[in-house]
Amino acid sequence: MLGRTLQEVSAALKQGQITPTELCQKCLSLIKKTKFLNAYITVSEEVALKQAEESEKRYKNGQSLGDLDGIPVAVKDNFSTSGIETTCASNMLKGYIPPYNATVVQKLLDQGALLMGKTNLDEFAMGSGSTDGIFGPVKNPWSYSKQYREKRKQNPHSKNEDSDWLITGGSSGGSAAAVSAFTCYAALGSDTGGSTRNPAAHCGLVGFKPSYGLVSRHGLIPLVNSMDVPGILTRCVDDAAIVLGALAGPDPKDSTTVHDPINKPFMLPSLADVSKLCIGIPKEYLIPELSSEVRSLWSKAADLFESEGAKVLEVSLPHTSYSIVCYHVLCTSEVASNMARFDGLQYGHRCDINVSTEAMYAATRREGFNDVVRGRILSGNFFLLKENYENYFVKAQKVRRLIANDFVNAFNSGVDVLLTPTTLSEAVPYLEFIKEDNRTRSAQDDIFTQAVNMAGLPAVSIPVALSNQGLPIGLQFIGRAFCDQQLLTVAKWFEKQVQFPVIQLQELMDDCSAVLENEKSASVSLKQ
Amino acid sequence: GFTSKADPQGSGRITAQVIEHLERLALVDFGSCEAVARLEKAIAFADRLRAVDTDGVEPMESVLEDRCLYLRSDNVVEGNCADELLQNSHRVVEEYFVAPPGNISLPKLDEQEPFPHS
């Protein structure tokens with residue numbers, strides 16, 4: 001049951017094949033077994049069981065709230081959850097209990113979803129590995145998969161199995177690990193520069209970033225107000241569409257949500273005619289650092305569309321090479337502003353110094369933030385200094401427009417959807433990843449994903465195939481603004497073509513019969 | 001201070017004065033020479049933007065710049081949650097958040113105790 005898709009489980013709940021409480025307990029049990037992955041910061045067991053009870057009543061009375069009723073979900077720990085600790089993996093908010101729910105959390109709860117817990121991340125969502133939070137790094141479940149381990153046994157140099165565990169990518173690594181390890185059916189992440197799509201690619205999941213303005217940011221502890229969006233992680237595209245249907249829409253508490261009547265993409269149509277599609281391949285994304293395996297899959301994907309009659313065009317996004325630099329300046333600048341709210345007075349950590357407000361703020365912030373956060377605050381403040389403002393911040397804002405225009409031009413040339421890699425390569429071992437600092441890694445790993453955030457476009461990472469090492473590789477589709485439904489429709493068609501394998505975690509679990517049984521049905525289900 | 005050990009590859013623009021200024025504005029300290037070196041690298045990285053021709057280009061603040069922000073009507077519909085808000089603070093007296101005395105500047109760098117390396 002745990003290996004099924006959200007759609008399937010929802011049907012099973014409606015038909016009474018399983019009750020919400022049973023489902024909840026299975027997930028809780030699996031969370032305990034997979035604790036070593038460090039995907040969860042807080043497991044909200046009591047809350048989830050209570051919600052399950054209420055869901056069960058509704059099903060008994062034939063009054064289910066919809067497809068999400070009784071479905072276990074997880075939420076990244078930078079979304080406020082009423083009565084449940086929300087830490088952003090930082091000492092600054094350790095012990096902080098919000099008095100309200102983020103709008104997206106509220107929407108999930110209103111649909112009857114079961115909140116299993118809050119997932120781990122890089123501190124304040126700054127990072128691309130989910131390695132820099134105070135609760136420690138998240139381990140990629142694929143490190144323990146049969147697919148990966150079998151390949152490693154062939155390698156005579158393979159060492160002790162656990163010291164070489166792989167990162168999940170980030171910053172929504174906990175959410176990705178939670179879904180990938182079957183402990184829930186969907187998880188919320190956030191996406192500012194690729195933080196949902198990157199771990200999705202590394203963990204073999206669908207990672208969806210909606211158009212900026214489609215989904216409310218109220219309650220998402222902000223990093224970069226002009227780029228942040230809540231992200232969705234699921235095991236298949238249909239599931240992501242279901243969650244998006246529940247979350248999309250205007251919110252009076254977030255004035256950056258748009259009020260257009262948008263077609264809620266609840267059920268995705270099957271893509272009738274691929275030959276009517278025009279796929280754009282941005283040539284500047286073919287960089288030397290791209291691994292040959294990813295490049296090969298990218299090429300095969302383009303060929304696939306072409307063989308089905310779609311038009312496949314090379315397009316140019318000329319400012320691509322400046323995109324990461326521009327992002328770096330704008331991101332640190334907005335971060336400098338957003339982190340200013342953490343002064344110890346109204347919430348969060350407060351130090352013991354009482355000499356003066358400035359001394360108290362400074363010490364509180366030194367104790368509360370890690371090096372990465374402090375580094376970005378300082379960089380941001382540098383770019384915002386009077387003497388630097390024009391040359392750095394405003395300059396970056398101008399470059400941002402050029403980047404956004406690049407996309408507009410590409411779409412205006414008749415392209416419906418762009419196809420690019422999501423990451424440079426498959427997931428790397430943690431010991432390898434930490435050889436470079438956070439900023440360097442982020443600059444490297446965000447390269448294909450962050451331009452999308454600057455332009456506010458929808459994008460999705462779809463798992464395509466396993467690498468030679470048995471690890472997931474994903475590709476990214478980018479759509480026009482507010483054409484999220486069309487984007488997901490194309491992605492769904494592609495997903496069906498590639499038939500990405502289900503992760504085999506049976507070596508991991510002791511009593512694995514339940515998982516094994518459902519793996520078969522899961523692999524059948526994906527072959528619709 | 002930190003600048004004497006600053007990264008030789010850096011722009012060399014992070015003088016002691018800039019460090020002090022940034023620490024006061026950000027109310028976050030560098031804490032180490034490595035942090036200063038990292039800032040220098042970050043600036044060098046950002047300097048690459050100079051190569052882009054942005055003549056006549058307007059800065060972009062938001063991707064939704066062509067739309068109007070939605071405004072709610074000016075009616076009070078929620079509030080009265082003082083208790084909930086006060087709950088999260090470490091130091092509260094009745095309905096006040098308690099702050100230490102203000103208008104006292106941080107001591108200058110050379111007057112301060114050296115911060116422990118974090």
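Here are a few exercises on this predicted model, each with a worked solution.

Residues are numbered from 1 along each chain as written, while chains are lettered from A and ligands numbered from 1 in the order in which they are written. In this predicted model, local features need pLDDT of at least 70, side-chain atom pairs count only at pLDDT 80 or more, and totals for chains, interfaces and linings use all residues, with side-chain values based on heavy atoms and hydrogens and water left out.

**Exercise 1. Find out what phi is for A:Asn38 and for A:Phe124.**

Step 1: A:Asn38 isn't a glycine, yet its phi is positive, at about 60 degrees. Look for A:Asn38 in the loop between α2 (20–33) and β1 (40–43) of chain A.

Step 2: A:Phe124 also has a positive phi, near 55 degrees. A:Phe124 sits in the loop between β3 (114–119) and α5 of chain A.

Step 3: Check the cover: A:Phe124 has a relative accessible area of 4%, so it's buried (buried is under 20%, exposed over 50%, partly exposed in between, with a 1.4 Å probe and protein chains only).

**Exercise 2. Work out whether A:Leu385 is buried or exposed, and which residues it contacts.**

Step 1: Locate A:Leu385 in the loop between α12 (371–383) and α13 (386–412) of chain A. From A:Asp371, A:Leu385 is 14 residues away in sequence and 21 Å away in space, C-alpha to C-alpha.

Step 2: A:Leu385 counts as buried because its relative accessibility is 4%.

Step 3: Skip the neighbours within four places in sequence, and A:Leu385 is in contact with B:His21, B:Leu22 and B:Leu25 (contact means heavy atoms within 4.5 Å).

**Exercise 3. Describe how chain B is built.**

Step 1: Count the elements: chain B has three helices and two strands.

Step 2: Read along the sequence and you get α-α-α-β-β.

Step 3: Chain B has 118 residues, and 31% of them count as buried.

Step 4: Take the contacts in chain B with a separation of 6 or more: 53% of them join residues 24 or more positions apart.

**Exercise 4. Find the largest pocket and say which residues lie nearest its centre.**

Step 1: Start with the lining: 28 residues line the largest pocket, and A:Ser80, A:Tyr96, A:Tyr100, A:His218 and A:Gly219 lie nearest its centre.

Step 2: Now the elements: α4 (103–110) of chain A and α3 of chain B each give two or more residues to this lining.

Step 3: A pocket is an open set of points on a 1 Å grid over the protein atoms alone, with protein on both sides within 12 Å along at least five of seven lines; a cavity is a set where a 1.4 Å probe fits but cannot get out, and lining residues have an atom within 4 Å of a point.

Notes:
Helix = DSSP H or I, 4+ residues; strand = E, 2+ residues; numbered from the N terminus.
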